[in-house]
Amino acid sequence: MIEVDNLSKTFKIYHHRKGFLGSFVNLFSRKHRVIRAVDSVSFTVQRGEIIGYLGPNGAGKSTTIKMLTGILVPSSGNVTVNGYIPHRQRKENAKHIGVVFGQRSHLWFDLPVQESFELLQHIYRIPQAQYRDNVEMFDELLNLGDFFQTPVRQLSLGQRMRADIAAALLHNPDVLFLDEPTIGLDVVAKARIREFIQKINAEREVTVVLTTHDLDDVEKLCKRVILIDNARLCFDGKLATLRRLLSTERLLTVDYAEVYTDINIPDTHVTFQEGTRVQYRFSPEEISTADLIGAILQKFKIVDISVAEPDIEELIKTVYEDNLTLERKLAKSIPPDTQVN
Amino acid sequence: MHHLSLYFHFVKLRIRSQMEYRLSFLFELFAQASISVMDFFMIALLFNRFKQLAGWSLWEVGFLYGIVGICFAIAEMVGRGFDVFQRNVVRGGFDTMLVRPLGTFYQVFAHEFLLRRVGRIAQAVVVLLIANSQLTIAWSFAKVGYLLVTLMSGICFFIGLFVIGATSCFWTVQSIEIINIFTNGGVFMGSYPFSIYRWWFRHFFTFVIPLACVNYFPSLFLLGKVESSGVSLIGVQLAPFAGFLFLGITMLFWRWGVLRYQSTGH
């Protein structure tokens with residue numbers, strides 16, 4: 001469905017001079033620096049998959065999406081979506097994809113939602129029956145009726161996002177690109193949008209490429225994630241695998257009965273100590289949880305004890321902070337599904 | 001056919017949203033027309049003092065003024081999308097256009113329609129009609145046809161200027177104001193006979209930015225001043241096509257620019 005092969009994008013950032021004379025000089029001056037926004041990224045997405053395309057700000061997520069949707073022309077490498085090359089067959093590609101940018105609406109600001117939809121029907125030449133069925137279905141799932149006659153500029157963020165997602169699906173696209181679809185929404189609105197995406201994916205086999213900062217989105221929607229950092233792909237595989245790879249470290253929190261001075265236990269690091277509460281970080285490869293608890297009980301009196309896996313948000317943060325660690329781990333033990341292609 | 005009906009759909013929506021505040025719309029319409037009446041009044045004052053300008057009477061200049069005014073106002077009305085394109089690019093609106101199954105040039109063109117330019121158009125038409133009533137032009141079908149082609153060509157010419165300004169946004173994001181020298185400045189320049197300008201200036205605005213071809217030369221022909229001007233008749237007759245050619249070239253420039261679009265922000 002989507003094939004990305006060795007895709008790169010570099011930007012030229014021009015040096016701008018200010019003022020009238022400056023803008024005149026800008027016309028002729030070619031002073032610039034080159035920024036690599038996406039660097040040799042390759043992956044394949046099958047029909048019906050939901051992919052989480054993750055990375056910190058500025059990693060190159062949106063630039064990749066923009067190349068897949070035909071907004072940007074790649075500097076090198078190949079992309080096909082539905083067999084179309086997005087930047088060469090932009091219009092053909094556009095007929096078969098739906099795009100939603102969380103930061104910005106694709107609808108007409110001063111038109112009521114309904115008229116925006118009718119305009120889209122006209123633009124995409126959607127047959128009346130299909131249009132009617134889709135609006136009916138989206139209304140049922142997203143309650144569009146509440147604000148169908150309201151101008152887009154007056155919608156709340158949650159309403160706007162619902163309208164935008166429905167609008168992107170009116171022409172029955174095969175692929176849906178969602179760039180931060182839940183950004184700024186409250187918990188209820190997020191849940192509703194996730195449910196909708198799941199349903200559309202299941203019932204219509206729509207392939208979904210999702211970029212997000214919200215790891216709940218990822219956990220609820222994506223079986224597979226692609227991590228990109230510093231313009232490069234650093235992980236492509238099952239969410240569970242990523243978690244297993246990274247969650248070799250655990251946290252053990254103990255409430256001691258009294259304040260001890262020498263609280264160090266071999267093979268662990270104390271991550272914080274606050275009165276009687278102490279947190280240890282340890283790797284089960286070096287010391288098993290049972291042995292650690294045993295060692296603690298031998299030396300000290302405790303009130304309470306708990307073990308936790310770091311949550312995925314923290315895990316991904318550590319990946320970004322120390323990309324090499326992940327690469328090393330991947331090199332050491334590559335489970336079959338990290339090679340998915 | 002689809003494109004045409006879709007265009008009218010867009011225009012209808014645009015007009016409706018501009019009519020939403022009817023009073024403010026009417027007021028602006030009136031203000032526009034009266035400002036431009038003052039505009040021509042200045043020229044008339046000048047002639048009150050000097051009677052003639054390089055062999056052109058007031059009403060002959062009024063004819064020039066009317067043609068360039070109509071062309072520019074219509075170009076502003078229909079080509080508004082290119083005029084305000086910079087704003088659209090900064091907001092990321094061009095990204096939206098790129099994910100739709102329509103050509104970019106078409107979408108930018110259909111995106112805006114500035115109805116209140118009707119006031120400006122009306123004023124220019126009135127000046128042209130009064131000028132015509134004061135002059136003795138032997139109108140024939142051929143001349144009426146020639147005038148219509150000239151007006152079309154002039155509209156294309158000014159839209160072409162807007163397209164150049166819009167295309168420059170792909171590099172600078174802040175659009176270059178320089179293009180206004182040619183649009184607003186062009187209207188001002190075109191309101192006077194070109195023979196009063198220096199030769200390099202005349203040549204620049206004939207062969208590079210063909211303003212003279214869509215206004216001055218056609219007026220020479222329609223006012224029967226070709227012989228006294230020393231310009232070749234065939235050249236004057238073919239001059240209006242420069243406007244179409246100009247728009248064609250700027251469309252190629254546009255297409256070339258779109259491929260270099262870098263998008264903004266996220």
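Helix 6 (residues 157-169) of chain A lies across strand 5 and strand 6 (175-179) of chain A, and runs at about 165° to strand 5 of chain A. The model is predicted: local features need pLDDT of at least 70, side-chain atom pairs count only at pLDDT 80 or more, and totals for chains, interfaces and linings use all residues. Residues are numbered from 1 along each chain as its sequence is written, and chains are lettered from A and ligands numbered from 1 in the order in which they are written.

**View 1. The six-stranded sheet of chain A.** Six strands of chain A form an open sheet with mixed pairing, in the order 5-6-7-3-8-9. Strand 5 (97-101) and strand 9 (232-238) of chain A are at the edges with a single partner strand each, so one side of each has no neighbour in the sheet. On average, neighbouring strands of this sheet are turned by 15° against each other, direction ignored. Helices (H or I, at least four residues) and strands (E, at least two) are DSSP runs, numbered from the N terminus. Two strands pair if DSSP finds at least two bridges between them. Strand 3 (residues 50-54) and strand 7 (residues 207-211) of chain A pair in the parallel sense over four bridges, and I50(A) has V208(A) of strand 7 as its bridge partner.

**View 2. The hairpin of strands 8 and 9 of chain A.** Strand 8 (residues 224-229) of chain A pairs with strand 9 of chain A in the antiparallel sense, over six bridges. I228(A) stands opposite L233(A) in strand 9 of chain A. Two residues lie between the strands of this hairpin, and N230(A) takes a positive phi near 55°.

**View 3. Helices 6 and 7 of chain A.** The axes of helix 6 and helix 7 (residues 187-204) of chain A come within 10 Å and cross at roughly 10°. Helix 6 of chain A is therefore roughly parallel to helix 7 of chain A. Axes are lines fitted to C-alpha atoms, for helices over the stretch in contact, and angles run from 0 to 180 degrees between N-to-C directions. Angles under 35 degrees count as roughly parallel, over 145 as roughly antiparallel, 65 to 115 as roughly perpendicular and the rest as oblique. G158(A), M161(A), R162(A), I165(A) and L169(A) of helix 6 meet A189(A), I193(A), F196(A) and I200(A) of helix 7. By class, this contact has seven nonpolar, one polar and one charged residues. Ala, Val, Leu, Ile, Met, Phe, Trp, Tyr, Cys and Pro count as nonpolar, Asp, Glu, Lys and Arg as charged, and the others, Gly among them, as polar. Two residues are in contact if their C-beta atoms, placed from the backbone, lie within 7 Å.

**View 4. The four-stranded sheet of chain A.** An open sheet with antiparallel pairing has four strands in the order 11-12-10-13 (chain A). Its edges are strand 11 (268-274) and strand 13 (302-308) of chain A, each with a single partner strand, so one side of each is left without a neighbour in the sheet. Neighbouring strands here are turned by 20° against each other on average, direction ignored. Strand 11 and strand 12 (residues 277-282) of chain A pair in the antiparallel sense over six bridges, with Q279(A) in strand 12 as the bridge partner of F272(A). Helix 10 (residues 289-299) of chain A packs on the sheet and touches strand 10 (250-256), strand 11, strand 12 and strand 13 of chain A. The direction of helix 10 of chain A makes about 160° with that of strand 13 of chain A.

**View 5. Helix 9 of chain B and two partner helices.** Helix 3 (residues 58-78) and helix 9 (residues 141-172) of chain B have axes that come within 8 Å and cross at roughly 50°. That makes helix 3 of chain B oblique to helix 9 of chain B. The contact includes I67(B) and F72(B) of helix 3 of chain B and L151(B) and F162(B) of helix 9 of chain B. Its residues divide into twelve nonpolar, two polar and no charged. The axes of helix 9 and helix 10 (residues 178-190) of chain B come within 9 Å and cross at roughly 170°, and these two helices are therefore roughly antiparallel to each other. Here F158(B), L161(B), I164(B) and G165(B) of helix 9 of chain B meet I179(B), F182(B) and T183(B) of helix 10 of chain B.

**View 6. Chain B against chain A.** In this view, 22 residues of chain B are in contact with 29 residues of chain A. Helix 1 (2-19) and helix 6 (93-98) of chain B are the elements that give two or more residues to the side of chain B that touches chain A. Helix 1 of chain B gives the largest share, five residues.
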